[in-house]
Amino acid sequence: MSKYSILLYSIIIPVLLFTLVYSSQHHFITAQESKPFRQFQAQQGTHPHDVAVDTAKNGPVWFTAQGTGELGKLDPNTGNKTFIQLGNASGTNMNASAPHGIIFGPDGGLWITDEFLKAIVRVDPKTEEIKVFPIPANITNNKLNTATFDKKGVLWFTDRSGYYGKLDPSEGKVHVWAAPRGQGPYGIVTTPDGSVYFNSWTGNYTAKIDLQTGNLTILEPPTKDSQPRRIWSDSKGHLWITEWAAGNLAQYNPDTKKWQEWKLPGEKPQPYSVYVDENDKVWVSDFGLRNGTQSMLRFDPVSENFETFPLPADNSDIRQMNGRTGQVWGAESDIDRIIVFSTGNKTS
């Protein structure tokens with residue numbers, strides 16, 4: 001070997017070793033940047049369930065901490081989290097509060113369905129003032145689920161123990177109706193034209209509520225016993241529905257009164273949450289396992305194709321999602337994390 005070869009190797013080998021060591025030490029940075037999501041760890045046991053997203057860019061993300069009976073607030077810029085106690089700190093399990101759904105109201109307040117408090121709860125995001133609107137006392141086995149506001153500012157909600165109801169904040173009184181086929185009322189949504197629909201999970205139907213009388217028009221999904229769970233509307237008023245037992249994403253068009261269904265990829269998909277972003281792409285959380293993990297899916301109604309984003313755990317359990325321009329947010333309830341996806345596949 002010539003002295004020039006020795007000199008060349010003496011330069012190349014250290015450079016290669018440095019590159020390998022640096023890459024191994026910093027690989028996590030590259031891997032993190034390549035992911036289409038970011039995660040924020042919450043305190044263990046908080047069991048974040050649903051999220052409500054401030055529409056302002058980089059605004060806070062609020063979430064129900066079902067395991068501790070609190071309302072959580074995440075600052076996405078710093079990752080800091082603060083909590084507001086909803087129940088009695090000296091109470092029973094979950095501090096006598098078990099918040100489930102959360103939405104922003106037209107009044108700017110945060111509206112929460114709370115199973116243990118047996119009430120609809122309003123929290124002022126600025127003053128943290130809490131107002132409680134109890135459900136009727138005869139509903140003893142309540143399982144309050146999710147809520148939505150109609151165009152007149154009336155809140156409608158579901159109770160999976162077998163009820164649906166409404167609260168007009170100007171009246172301050174909760175009204176309920178028994179749901180057909182008993183237990184099951186679950187996801188609920190308001191469409192752009194102001195109509196309100198909800199799913200009955202175990203009742204196996206979607207219903208449109210008459211906002212004047214509270215009466216229902218029952219819509220039967222094409223697949224028997226599909227167990228529809230969550231529901232969202234796109235910009236055209238088409239309803240997007242997750243069919244838990246059938247493993248399908250379904251669409252109902254109120255104009256044509258026609259259904260369509262698409263089977264999720266994978267052997268045993270279990271679609272749970274659904275959200276439609278600003279581009280009318282449909283996001284679905286899949287509790288079924290593929291390659292040992294759960295997934296987030298994005299469905300393009302034009303191409304009718306699913307795009308899969310593997311999650312880092314087999315028990316993420318992303319429940320009700322929400323979002324703002326460029327972002328889709330959810331809570332990984334079983335691993336105590338808040339997660340955000342970018343509608344452009346990149347997060348910062």
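Glu-220 is partly exposed, with a relative accessible area of 44%; the classes used here are buried for under 20% relative accessible area, exposed for over 50%, and partly exposed in between, computed with a 1.4 Å probe on protein chains only. Arg-181, at 47% relative accessibility, also counts as partly exposed. The model is predicted, so local features need pLDDT of at least 70 and side-chain atom pairs count only at pLDDT 80 or more, whereas totals for chains, interfaces and linings use all residues. Residues are numbered from 1 along each chain as its sequence is written, and side-chain values use heavy atoms, with hydrogens and water left out.

Glu-220 and Arg-181 form a salt bridge in which the closest N and O atoms are 2.4 Å apart. The term denotes a side-chain nitrogen of Lys or Arg within 4 Å of a carboxyl oxygen of Asp or Glu. Glu-220 lies in the loop between β17 (216-219) and β18 (228-233), and Arg-181 in the loop between β13 (173-178) and β14 (185-190), so the pair ties together parts that are 39 residues apart in sequence.

By the salt-bridge rule the count comes to seven. Among them is the pair of Lys-236 and Asp-280, whose closest N and O atoms are 3.4 Å apart. Lys-236 is in the loop between β18 and β19 (239-243) and Asp-280 in the loop between β22 (271-276) and β23 (282-290); the pair therefore ties together parts that are 44 residues apart in sequence. Lys-236 is exposed, at 57% relative accessible area, whereas Asp-280 is buried, at 14%.

A further salt bridge joins Arg-319 to Asp-317, with 3.8 Å between the closest N and O atoms. Arg-319 counts as buried at 13% relative accessibility, and Asp-317 counts as buried at 9%.

The strands β22 and β23 that flank the loop of Asp-280 also belong to an open sheet of four strands, ordered β22-β23-β24-β25 with antiparallel pairing. Its edge strands are β22 and β25 (305-310), each of which pairs on one side only. Two strands are taken to pair if DSSP finds at least two bridges between them. Neighbouring strands of this sheet are turned by 25° against each other on average, direction ignored; axes are lines fitted to C-alpha atoms, and angles run from 0 to 180 degrees between N-to-C directions. Within the sheet, β23 and β24 (residues 293-300) pair in the antiparallel sense over six bridges. Val-284 stands opposite Leu-297 in β24.

Conventions
Helices (H or I, at least four residues) and strands (E, at least two) are DSSP runs, numbered from the N terminus.
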